[in-house]
Amino acid sequence: MLRLDNLGQNAAPSFDAPLEMLGACHDKVRHFCSLLDKLPGYLAAQGVTPALQSSVAGILRYFDVAGPAHHADEEDELFPLLRQRLPDTDTPLARLAADHVMFGQRWQALRKQLLALQDGTAARVDAEAIHAFTVHYRSHAQLEEDWLFPLVAATLSEEELRQAGQRMAARRQQPG
C-alpha cells in the first residue's frame, strides 16, 4: 500500500549543512521513487482510491517543487566552483546536468499520467516509463553521493559551503 506517513518526522539537516541537506533530499528522492514504483501494482489491485490520490499528490508536489530546486542547488552552487577549481570535472558535471534535464523531461511525461490519476480521468500508468525514471534517478543520486558530495567536501571551504547553503535557502524563499 502507498503511504506517505513517517516522511519528514526525523529532523532534516538545515541549509547550514548543505551537503547533508542535499543527501537528505536524495533520501526523499528514493522514497518517492519507491512510491512511483508501487503505483502500477497498487492500481491493478485496488484501482484509483483516495489513498492513492493522496499519495500521488505528494509525489507531484515533490517532483514539481523539491526536485527542480535540488538540481538548481547543485548546478548553481556546486558545479561552478568545482569547474573553476578542478577543470577536469567538466565532463562528469556536464553528465550530471544532462541527467537533470532528462529527469525534467521524463517527469513531465509521468506528471501528465499522475495528474490524470489524481483527477480520476485515468486508471493506469506507464510502468516501463516509471521504472526507467526511478532506476536512473536512484543511480544518479548514488553517483552524486559517491563522487560529487565527497569531492565538494574536499574542495570547498566551510565558508563557501555556508554561503552556498544561504543561497539555497534564499532560493526557496523567492516567490513562484
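**View 1. Histidine 26 is a buried residue.** At 2% relative accessibility, histidine 26 counts as buried (under 20% relative accessible area; exposed is over 50%, partly exposed in between; 1.4 Å probe, protein chains only). Histidine 26 lies in helix α1, residues 18-46. Helices are DSSP runs of H or I, at least four residues, numbered from the N terminus. This is a predicted model: local features need pLDDT of at least 70, side-chain atom pairs count only at pLDDT 80 or more, and totals for chains, interfaces and linings use all residues. Residues are numbered from 1 along each chain as its sequence is written, and side-chain values use heavy atoms, leaving out hydrogens and water.

**View 2. Partners of histidine 26.** Leaving aside residues up to four places away in sequence, histidine 26 touches His70, Glu74, Ala141, Glu144, Glu145 and Phe149 (heavy atoms within 4.5 Å).

View 3. The whole structure holds 0 disulfides (pairs of cysteine sulfur atoms within 2.5 Å). Cysteine 25 is in none; its nearest cysteine sulfur, in cysteine 33, is 13 Å away. That 13 Å is too far for a bond. Cysteine 25 is buried, at 12% relative accessible area. Cysteine 33 is buried too, at 0%.

Conventions: Helices (H or I, at least four residues) and strands (E, at least two) are DSSP runs, numbered from the N terminus.
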